[in-house]
Amino acid sequence: MTIKKRGRVTSLAAGRPPTVQKPKSISRKATKALINAHHVLEKRKAQAIAKGDRAAEVAIESEIDALGGIEKYQLASLQGQRLDRGGDSSRVLMEWLNSMDSTISSPAGAHLKMLEVGALSTKNACSASGIFDMERIDLNSQSDGILQQDFMERPLPDDDSERFDIISLSLVLNFVPDAIGRGAMLLRTLDFLKQPSAQYSSSLQNFFPSLFMVLPAPCVINSRYMNESRLEAIMNALGYVKAHSKITQRLVYYLWVRKSGAQLPPATFTKTELRSGRSRNNFAVVLSGSSG
């Protein structure tokens, strides 16, 4: 069943900066402060662009440059991927998959196919597992083995041979600069995932086809417009069921298994306040309708 998207599709290039190689070490405190500052400025920049306020956009770009520009942001982002700072979120996925008793392989006996969006490395836990045939994409690839591509502009698959058993969105959704774009990204994952199939063994059906999603913990636990039940309702409307989750002080991890097509009639989730308080952030996902 083909899932058609409605509404605006936001390019990832509007939100997630590119990556660079061989970062120099900076302190954890400096890393956090720099990333937070850039998040605020990038959000203000996206708002200025949406309003057509070129003067404000230029002023904000100057503030970003004063912080060291995208290069410093990239350095801080990659610093957080170091193993001694809890990097490589795919290790959590592999812990979940390794809990299976049976051999993990596709219905035809071949490796399962994974699409890793926003890939930083070709040597993470999923890549090293030998379980997956990996396809990695990033907005600005700095490494062989990572295709430079925007997921929101990736050509739609012609058939199942071009679809995947699992898609990874690790610290990607939060870089999309607006709530409508985040909803469009989640909806678009359905185009690239295989349909639920009885060809998967009974144990594999508990894990595939699926979406592995990682977000900064405050996006869910301290947002004005998002909480755990709201996120689950959105994902359920898209046909996903939560198979596993893990919440740490910094990150939230989810494995969403696709069990059906998106709801009909099209589901709509607006930006609705769920928590009050001046300390809340404004992370939200707007789902403006889908069909499947």
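Q: Why is Phe212 called buried?
A: In this predicted model, Phe212 has a relative accessible area of 1%. Buried means under 20%. So Phe212 is buried.

Q: What makes Trp96 and Phe212 an edge-to-face pair?
A: Their ring centres lie 6.2 Å apart, and the planes are at 80°. Rings pair if their centres lie within 6.5 Å, and planes over 60 degrees apart count as edge-to-face.

Q: Where in the chain do the two partners, Trp96 and Phe212, sit?
A: Trp96 belongs to helix α4 (residues 90–98), and Phe212 to strand β6. The two are 116 residues apart, so the pair links distant parts of the chain.

Q: Is Trp96 buried or exposed?
A: Trp96 has a relative accessible area of 11%. The cut-off for buried is under 20%, so Trp96 is buried.

Q: Why is the pair of Tyr254 and Trp256 called stacked?
A: The ring centres are 5.2 Å apart and the planes stand at 25°. Planes under 30 degrees apart count as stacked, so this pair qualifies. Tyr254 has a relative accessible area of 0%, and Trp256 has 1%. Both residues are therefore buried.

Q: How many aromatic pairs are there?
A: The count comes to four.

Q: How do you know that Lys113 lies over the face of Phe164?
A: Lys113 is 5.0 Å from the ring centre of Phe164. The distance limit is within 6 Å, and the charge must also be within 35 degrees of the ring normal. Lys246 likewise lies over the face of Tyr253, at 5.9 Å from the ring centre.

Q: Which residues have the most contacts inside the largest nonpolar core?
A: They are Ile167, Leu186, Leu211 and Met213, in a core of 40 residues. Among the elements that give two or more residues to this core are β2 (112–117), β5, β6 (210–216) and α8 (228–237). Helix α6 gives the most, with six residues. A second, separate core has 24 residues, including Phe132 and Leu255.

Q: What does Ile167 touch?
A: Leaving aside neighbours within four places in sequence, its contacts include Leu115, Val117, Phe192, Leu211 and Phe212.

Q: What makes β4 and β7 edge strands?
A: The open sheet has seven strands, in the order β4-β3-β2-β5-β6-β8-β7. β4 (147–148) and β7 (240–247) each have a single partner strand, so one side of each is left without a neighbour in the sheet.

Q: How do you know that β5 and β6 pair?
A: Five bridges join β5 to β6, which run parallel. Pairing needs at least two bridges, so the two strands pair. Ile166 has Ser210 as its bridge partner in β6.

Q: Why is Asn174 counted as buried, though found in a loop?
A: Asn174 sits between β5 (166–170) and α6 (179–192). Its relative accessibility is 15%. That is under 20%, so Asn174 counts as buried. Its contacts include Arg182, Pro216, Cys219 and Phe283.

Q: Are Cys126 and Cys219 buried or exposed?
A: Cys126 has a relative accessible area of 2%, and Cys219 is at 9%. Both values are under 20%, so both residues are buried. The structure holds zero disulfides.

Notes. Residues numbered from 1 in each chain as written. Predicted model: local features only at pLDDT ≥ 70, side-chain atom pairs only at ≥ 80, totals over all residues. Heavy atoms only, no water. Helix = DSSP H or I, 4+ residues; strand = E, 2+ residues; numbered from the N terminus. Buried < 20%, exposed > 50% of the residue type's maximum accessible area, 1.4 Å probe, protein only. Contact = heavy atoms within 4.5 Å. Core = buried A, V, L, I, M, F, W, Y, C linked by side-chain atoms within 4.5 Å. Disulfide = S-S within 2.5 Å. Phe/Tyr/Trp six-rings, centres within 6.5 Å; stacked < 30°, edge-to-face > 60°.
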